Amino acid sequence: MRSRNFKIRIFLGIAIVAFAYLRKCSQQEENPYTGRTQTITLSPEQEIAIGLQSAPQMAQQHGGLHPNNNYQAFVDQVGNKLVNNSVAQQTPYKYDFHLLADDKTINAFALPGGQVFITYALFSKLENEDQLAGVLGHEIGHVLGKHSNERISEANFWKTVTMGASVGADMGEFVNGIGQTTLLSNGRDDELESDDLGVKFMIKAGYNPEEMIGVMEILKQAAGPNRVPEFQSTHPDPENRIEKIQKSIEKYKNQ
Ligand SMILES: [Zn+2]
């Protein structure tokens, strides 16, 4: 009896995993802006809606928008210059660039669909317009690279697989481990892809791409209580990142 029960559980487990895998395969699509094949479940309209919905809350968590209208206009101007001179312009996304009042947390982030944020803490550390373009270009890279979409879609896949494995052979934790590692390494790849796209957008808009390395140096120095959640948490070490940025500069410089 026990053994028959076990066999049924194994069968169910395999069926659930197989179903999840097939569904994942059917959700693979090539990103038209990067050429990379990804698991995508949200439409651009859904991405835009999620971004617009979460934007006010994200802003609030960082003290709201910065009151200086000149600074806001400057961030907008640099962001739009990057969009208008690159493939970002051809996407259905609605780009919006916001300077947040937070003067403690050195951070910048993007929500799916085009809402981009930089904190005053990071903004005030930047030495020139090119470095601001580097930060915003990196964030536009996350939007156009559909990284949130991919992470949400992958998470759903791993949830289904974990469920299947638990039903099958109480291996849930093991499979869960794989899932988390995969999610984290995707995160690191996202950052590298965004650095690469950021360099490309900088060059297209006439900015000095070497200043992306300047941004990395600033982030490297920003240790201690000034954590950099978006820029550093899931990252490969900064030296490795700088090396890759240098390669991107070489790659796009003569295009
Ligand atoms: Zn990033």
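Guide: Happy to, and we will go from the whole chain to the sheet, the core and a few helices.

Guide: One thing to keep in mind is that this is a predicted model.

Visitor: Got it. How many helices and strands does the protein chain have?

Guide: The protein chain has 10 helices and 5 strands. Of its 255 residues, 48% are buried.

Visitor: And what share of the contacts comes from residues 24 or more positions apart?

Guide: If you take contacts with a separation of 6 or more, 70% of them are between residues 24 or more positions apart.

Visitor: Let's look at the strands. In what order do they sit in the open sheet?

Guide: The open sheet has 3 strands in the order β3-β5-β4, and its pairing is mixed. β3 and β4 are at the edges with a single partner strand each, so one side of each has no neighbour in the sheet. On average, neighbouring strands are turned by 15° against each other, ignoring direction.

Visitor: Mixed how? Which pairing is parallel and which is antiparallel?

Guide: β3, residues 96–100, pairs with β5 in the parallel sense over 5 bridges. There, F97 stands opposite V116, and L100 stands opposite T119. β4, residues 108–110, runs antiparallel to β5, with 3 bridges joining them. In that pairing, A110 is opposite V116.

Visitor: How many residues lie between β4 and β5 in the hairpin?

Guide: There are 4 residues between them, and G113 in the turn has a positive phi of about 95°.

Visitor: Is β5 buried or exposed?

Guide: 5 of the 5 residues of β5 are buried, so this strand is largely enclosed by the rest of the structure. Both faces are covered, with Q115, F117 and T119 on one side and V116 and I118 on the other.

Visitor: What does I118 touch?

Guide: Leaving out residues up to four places away in sequence, I118 touches a list of residues including V75, H98, F123 and L136. I118 is also one of the residues with the most contacts inside the largest nonpolar core, along with Y95 and L136. That core has 44 residues, and its largest share, 7 residues, comes from helix α5. Another core, of 6 residues, lies apart from it, and A55 and F109 are among its members.

Visitor: You mentioned α5. At what angle does α5 pack with α8?

Guide: The angle is about 85°, and the axes are 8 Å apart. α5 and α8 are therefore roughly perpendicular to each other.

Visitor: Which residues make that contact?

Guide: From α5 there are D130, Q131, G134, V135 and H138, and from α8 there are E211, M212, G214, V215 and I218. They divide into 4 nonpolar, 4 polar and 2 charged residues.

Visitor: Nice. How many residues of α8 are buried?

Guide: 8 of the 11 residues of α8 are buried, so this helix is largely enclosed by the rest of the structure. I213, M216 and L219 are among the buried ones.

Visitor: Last topic: where is R241?

Guide: R241 lies in helix α10, which covers residues 238–253.

Visitor: Why does R241 count as buried?

Guide: R241 has 3% relative accessibility, and buried means under 20%, so R241 counts as buried. As for distance, the C-alpha atoms of R241 and D196 are separated by 9.9 Å, while the two residues are 45 residues apart along the chain.

Definitions and conventions: Residues numbered from 1 in each chain as written. Predicted model: local features only at pLDDT ≥ 70, side-chain atom pairs only at ≥ 80, totals over all residues. Heavy atoms only, no water. Core = buried A, V, L, I, M, F, W, Y, C linked by side-chain atoms within 4.5 Å. Buried < 20%, exposed > 50% of the residue type's maximum accessible area, 1.4 Å probe, protein only. Helix = DSSP H or I, 4+ residues; strand = E, 2+ residues; numbered from the N terminus. Contact = heavy atoms within 4.5 Å. Axes fitted to C-alpha atoms, helices over the stretch in contact; angles between N-to-C directions. Parallel < 35°, antiparallel > 145°, perpendicular 65-115°, else oblique. Nonpolar A, V, L, I, M, F, W, Y, C, P; charged D, E, K, R; others polar. Pairing = 2+ DSSP bridges.
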